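User: I would be grateful for a close look at one strand-to-strand contact in this model, and at what surrounds it. Please set it in the context of the sheet, the core and the remaining strands.

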Amino acid sequence: MNQLVEERIYCPFCGEPISVLIDCSVPEQEYIEDCQVCCKPIDFMVAVDESGNPNVVVSGENDSY
């Protein structure tokens, strides 16, 4: 069973849509990934629900959730 899910998010800095892969085998995770367009660091908070669907919240480096 493939636990990688492609999600489309919008960079909080440049506003461009980017596709990211989310590992749904980890129920809760927080990490930083650089934007593929403007290269600024995006904070990711991911929570996977009981059905295996990820809820992805992104923010800028100094933004609060």
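**The pairing of β3 with β4**

Glu30 stands opposite Met45, a residue of β4. The model is a predicted one, and every value below is computed from it. The strands β3 and β4 run antiparallel and are joined by seven bridges. They belong to an open sheet of three strands, ordered β3-β4-β5, in which the pairing is antiparallel. Strands β3 and β5 (54-60) are the edges of this sheet, each pairing on one side only. From one strand to the next, the twist averages 25 degrees.

A search of the whole structure finds one aromatic pair. It is formed by Tyr31 and Phe44, whose ring centres are 5.0 Å apart and whose planes meet at 5 degrees; the pair therefore counts as stacked, since the limit for stacking is under 30 degrees. Tyr31 lies in strand β3 (residues 28-34) and Phe44 in strand β4 (residues 41-48), so that the pair links parts of the chain 13 residues apart. The two partners may also be described by their accessibility. Tyr31 is partly exposed, at a relative accessible area of 22%, whereas Phe44 is buried, at 0%.

Phe44 leads on to the nonpolar core. The largest such core has 11 residues, namely Ile9, Cys11, Ile18, Val20, Ile22, Cys24, Cys35, Ile42, Phe44, Val46 and Val48. The elements that give two or more residues to this core are β2 and β4, and β4 gives the most, with four residues. In soluble globular proteins, nonpolar side chains tend to be buried together. Apart from its neighbours within four places in sequence, Ile42 is in contact with Ile9, Cys11, Pro12, Ile18, Tyr31, Ile32, Glu33, Cys35, Val58 and Ser59. Tyr31, of the stacked pair, is thus among the contacts of Ile42.

Ile9 stands opposite Ile18 in β2. Strand β1 (residues 4-10) and strand β2 (residues 17-23) run antiparallel, with seven bridges joining them. Their hairpin has six residues between the strands, and Gly15 there takes a positive phi near 80 degrees.

A search of the whole structure finds zero disulfides. For Cys14, the closest cysteine sulfur is that of Cys11, at 3.7 Å, which is too far for a bond, because a disulfide requires sulfur atoms within 2.5 Å. Cys14 is partly exposed, with a relative accessible area of 31%.

Glu6 counts as exposed, with a relative accessibility of 58%. Glu6 and Pro54 are 48 residues apart in sequence, while their C-alpha atoms are 9.8 Å apart in space.

Key:
Residues are numbered from 1 along each chain as its sequence is written. This is a predicted model: local features need pLDDT of at least 70, side-chain atom pairs count only at pLDDT 80 or more; totals for chains, interfaces and linings use all residues. Side-chain values use heavy atoms; hydrogens and water are left out. Rings of Phe, Tyr and Trp (its six-membered ring) pair if their centres lie within 6.5 Å; planes under 30 degrees apart count as stacked, over 60 as edge-to-face and the rest as tilted. Buried means under 20% relative accessible area, exposed over 50%, partly exposed in between (1.4 Å probe, protein chains only). Two strands pair if DSSP finds at least two bridges between them. Axes are lines fitted to C-alpha atoms, for helices over the stretch in contact, and angles run from 0 to 180 degrees between N-to-C directions. A nonpolar core is a set of buried Ala, Val, Leu, Ile, Met, Phe, Trp, Tyr and Cys residues joined through side-chain atoms within 4.5 Å. Contact means heavy atoms within 4.5 Å.
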